[in-house]
Amino acid sequence: GQHIDIQPSQGHHCIAVGAMSSPGPPPTAWQQNGFTPAKAIGTIPARSPRRTEPSADPDTAAEAWKHVSRIAGSTHRHDLHDLLQNSPSDSQYSVPQAGWPAVLRPLTQLAELPAQVLERYSAVQTVCFCGVFPQIRRAWASVDNTLFLWRLDRWNDVPVSYSEEQQAICAVQLVAPMPGMFATALRHLLVVCTTTEIVLLGVATSAGPAGSGDPLQELTLQPLEDYSAPSDNVIMTCVAGTAGGRIFMGGADGRLYELKYGGGRGGKCRKVCHTGGLWEYLPSFLQRASSPIVEVLVDDARCILYARTAASEIVMFDLGPTGKDGPTRKAECSDISKSAASCTGRDVFSGRSPADLKGAAIAHMSVIPPQQSQRLQLLVVTVDGRRLYFSTFPPSFGPPPAGRRPSQLQAEIARRALPQPGATPQGRVGLQPQPQSRGLEVAAACYHRDALLIAEAAGGQGRTRVLAAARDLTAPPLGTATGAAGSAAGVLRESVTELGIAIPGETCAIRVLDTPSPLAGAADFALQDELHTQLYLPAPRYVLVSTSGTLQLERRRAVDVLWAVLEERSPARLATFFALYTPPEAACMCYQLAAAPLAAVPAAVQQAARAALEDPHLAGVPETHQSSPAAAQLQPKPGGFDMGAAVPVAEPQWSGAHVGLALYLLRLLAPLGDRPLAQPQDPRKPDGMLAASLPAAALEEVEERLRLLAAFLGDTLSRARTRADSGRGWGGLFDSRGGGARAGGVTPSPAKRPRVQDSVRQELQRTTAIAGLAERAAEAAFLVRLLCSHHLGRIAARLPPDARQVLKRVTLRELAAGPEGEGLAAQLISVLITDHLAAPGSVADDLSSQLQGGAPAFFKADDRTFYKAASLLRRAEGAPNGGEAAGLAGQALQLMARAPAAVDLQVVVPQLALLGAWDGVV
């Protein structure tokens, strides 16, 4: 039998219905890859609250997107190097206003060390260390020959212990294993270095026998037979692992070692020295004394390794383009003072007393990720709190060319130490340097997402202060060097805050606690500030380990500060927040809170955010201004001839709430909006099998937020239309009951009211279109999610070649509001349902129900009727007798009569003729 294409007319979906034949087996590529049949995948529910605004049609959605892009403006991406270069030295720091919500706050009380650890510590004989492994949510401490690990977020947790026979433990690190080397249950390896050997332990985590949702509930240390190597009388002082499973160690003899494991020459585990050279062959009296390596740092993104010695020397090694080559020594920094002088033009450490010379020593090193800078690769923090930013490539005016390997270690920028937060009036910009007697002494530090946390040495009082420096994204005060050109050029002005409590004991380590986020892996947040990334990255959390216990901290983002301000219910403080961040940015954060799931944000905070958006004192009102004041004077004289003088065009100035809405929608779609829906499964075969490029979890998250935004806008628009119809304008602008808003602080005059009312109506129309765009984008996300659950690559293989090319370049945003989105969606849905028309049961009907419920803009009621009729025709083809076939064809005809616009008679008539349904042909 031949195949006849039944295509719904008027832009509806096309479907291939086999005439008198059954569908053939899937292509060989599908069978080889073991794809799951679509009918075996569970139903995909539409995450949709009550819809209050209909989805926009393609043309309206495209126009709404142009409007959003136009008023939101382009996203400014500044390299950290440029921000530092443009920062005036007299306005690098600021401090929060007095009484402002704490930016750095503790999430828990200080959890004391377990009793077993304290008991062993009281009888310590040789050495003890402590730290934290955030990957498995454990703190650790080693006392002599025993290692303890316990949950850092649980009180009275019983530690898991591991003991060596007699050798003292001198270094411990948690690393990733080589892919495929061990069982999948062993997701981490624990490297334990003693004075005589190096041991590998397998680390397995599970939810425990109770079946809790915490995958880190239970921890098991599994000894690995024969995975150990002698230290050869070298004490290993530090360990670091790469993402690919390599293990590097720094020795007290100043050499860099690697632990090779996994078989091959030398057994399952062996130690390899990567440094030394000819010096070790010279007599001892000619050998150069080497300083112990105290820190090894790996940059996995650039495949670079840094080794820091106790003498504050830094050596850079190149691991090759793939990170699998042997370490090649490329450059070193032997004098941090000279490096600082080379980029500042003066010796910043000169003139200090001998007691303070240790301020030039290095206290911390951190990799600067490529998402923050393409020109800077390493951050160094000295003991006195100064920062040096290093580059590993020769100077250039842009990022290094692709494929170039690091060749130098040059200090590019030096930044002075953090000021004392309480030493100057709150909120003042351009703090003066502190006296040297009150200078910092850094004991531990952590750099993450443009923010630096510093823990001071405990000193004589035995208590540690914690400081945080993060980019200040508020509008800079006018009259300052930062305020003059800060917004245009981009400068790094940091807000310095202090933890409100002093931590007893000496701080040993500060680490970041990774909080999973569905959009974190899908988002492209390269060179973006926190105002953009806070929509899809949670507030950063840290864990601090001291000699007294562990403490979890959180650094609030701007939206978290707004949350705290809304909870305080202080109108004055809320107005200050809008003034500091500008009404559009503050309104964008209000939308983030008001349109959030109720489980994520309390109802009281959501209600306060909604009230702030409708308050014209805060969010402003739309106004119409003449595009050219001079043009208004070019009016023709009475009786004169008009030569086409310029006519003034009314250009609305949108309110801060409306611009904030555009910012929120633009940033919400940014993680997925510009990524193609599909990409080649094998990059080496661009015309081969396609695979989905958008993660399902990220699509679900974006869909939920878009639907919540559309529902919130629908409710807001309903109230706004009621106010506008009653003459009270937007947000009570003309509320005669008193307390109404005033445009610019002055009640609009009777002559101005019609113009302002017209601006309000225009903003309502634009907001209605944006609500429809948000709903349509949510439906597009649902459609893609449904297609991915039925294997998008298999569906794409059934598309025509030109449609497959469109699928490889169309993004989620273009699917919702692009010229090719409607046609591509129709073809994808057609293939999806066609594959299931002959399936047993009601799979096709279930798919139709899901599509109509989750994406009605792409799958209308007539489409569902047509596909149901097509399913009946397919069943009629395989009917055992003519009577049953005629009955099924008759039912199909009745359904087609209910959706005539979806039927193409030129295709359906031959189909009916083959079935002998001549009455249907007539």
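**Exercise 1. Determine which residue of β9 stands opposite L147, and describe the sheet around this pair.**

Solution. Step 1: in this predicted model, L147 stands opposite Y162 in β9, where helices (H or I, at least four residues) and strands (E, at least two) are DSSP runs, numbered from the N terminus. The numbering of residues starts from 1 along each chain as its sequence is written, and, the model being predicted, local features need pLDDT of at least 70 and side-chain atom pairs count only at pLDDT 80 or more, whereas totals for chains, interfaces and linings use all residues. Side-chain values rest on heavy atoms, with hydrogens and water left out.

Step 1: strand β8 (residues 146-151) runs antiparallel to β9 and is joined to β9 by 4 bridges; two strands are taken to pair if DSSP finds at least two bridges between them.

Step 2: the open sheet has 4 strands in the order β6-β7-β8-β9, with antiparallel pairing. Because β6 (128-133) and β9 (160-163) stand at the edges with a single partner strand each, one side of each is left without a neighbour in the sheet. On average, and with direction ignored, neighbouring strands of this sheet are turned by 15 degrees against each other.

Step 3: helix α4 (residues 115-122) packs on the sheet and touches β6, β7 (138-143) and β8, a contact being heavy atoms within 4.5 Å. The direction of α4 makes about 155 degrees with that of β8, given that axes are lines fitted to C-alpha atoms, for helices over the stretch in contact, and that angles run from 0 to 180 degrees between N-to-C directions.

**Exercise 2. Find where R137 and S312 are located, and decide whether each is buried or exposed.**

Solution. Step 1: R137 has a positive phi of about 55 degrees although it is not a glycine, and R137 is found in the loop between β6 and β7. At 19% relative accessibility, R137 counts as buried, the term meaning under 20% relative accessible area, with exposed over 50% and partly exposed in between (1.4 Å probe, protein chains only).

Step 1: S312, likewise a residue other than glycine, has a positive phi near 65 degrees. S312 lies in the loop between β19 (304-309) and β20 (314-318), and with a relative accessible area of 9% S312 is buried.

**Exercise 3. Give the strand order of the sheet that contains β14 and β17, and name the partner of K260.**

Solution. Step 1: this open sheet of 4 strands has the order β14-β15-β16-β17, with antiparallel pairing. At its edges stand β14 (236-241) and β17 (269-273), each with a single partner strand, so one side of each has no neighbour in the sheet. From one strand to the next, the twist averages 25 degrees.

Step 1: strand β16 (residues 256-261) and β17 run antiparallel and are joined by 5 bridges. The bridge partner of K260 in β17 is R270.

**Exercise 4. Describe how helix α10 packs against helix α11.**

Solution. Step 1: two packed helices are described by the angle between their axes and the distance between the axes. The axes of α10 (residues 583-594) and α11 (residues 603-613) come within 8 Å and cross at roughly 145 degrees.

Step 2: α10 contributes A587, C590, Y591, L593 and A594 to the contact, and α11 contributes V605, Q606, A609, R610, A612 and L613. By class, this contact has 9 nonpolar, 1 polar and 1 charged residues, with Ala, Val, Leu, Ile, Met, Phe, Trp, Tyr, Cys and Pro counted as nonpolar, Asp, Glu, Lys and Arg as charged, and the others, Gly among them, as polar.

**Exercise 5. Classify the ring pair formed by F577 and Y581.**

Solution. Step 1: rings of Phe, Tyr and Trp (its six-membered ring) pair if their centres lie within 6.5 Å, and planes under 30 degrees apart count as stacked, over 60 as edge-to-face and the rest as tilted. By this rule the count comes to 6 aromatic pairs.

Step 1: the ring centres of F577 and Y581 are 4.6 Å apart and their planes stand at 35 degrees, so the pair is tilted.

Step 2: F577 and Y581 are 4 residues apart in helix α9 (residues 571-581), and are therefore separated by about one helical turn. Both F577 and Y581 are buried, and ring pairs link W100, F577 and Y581 into a cluster.
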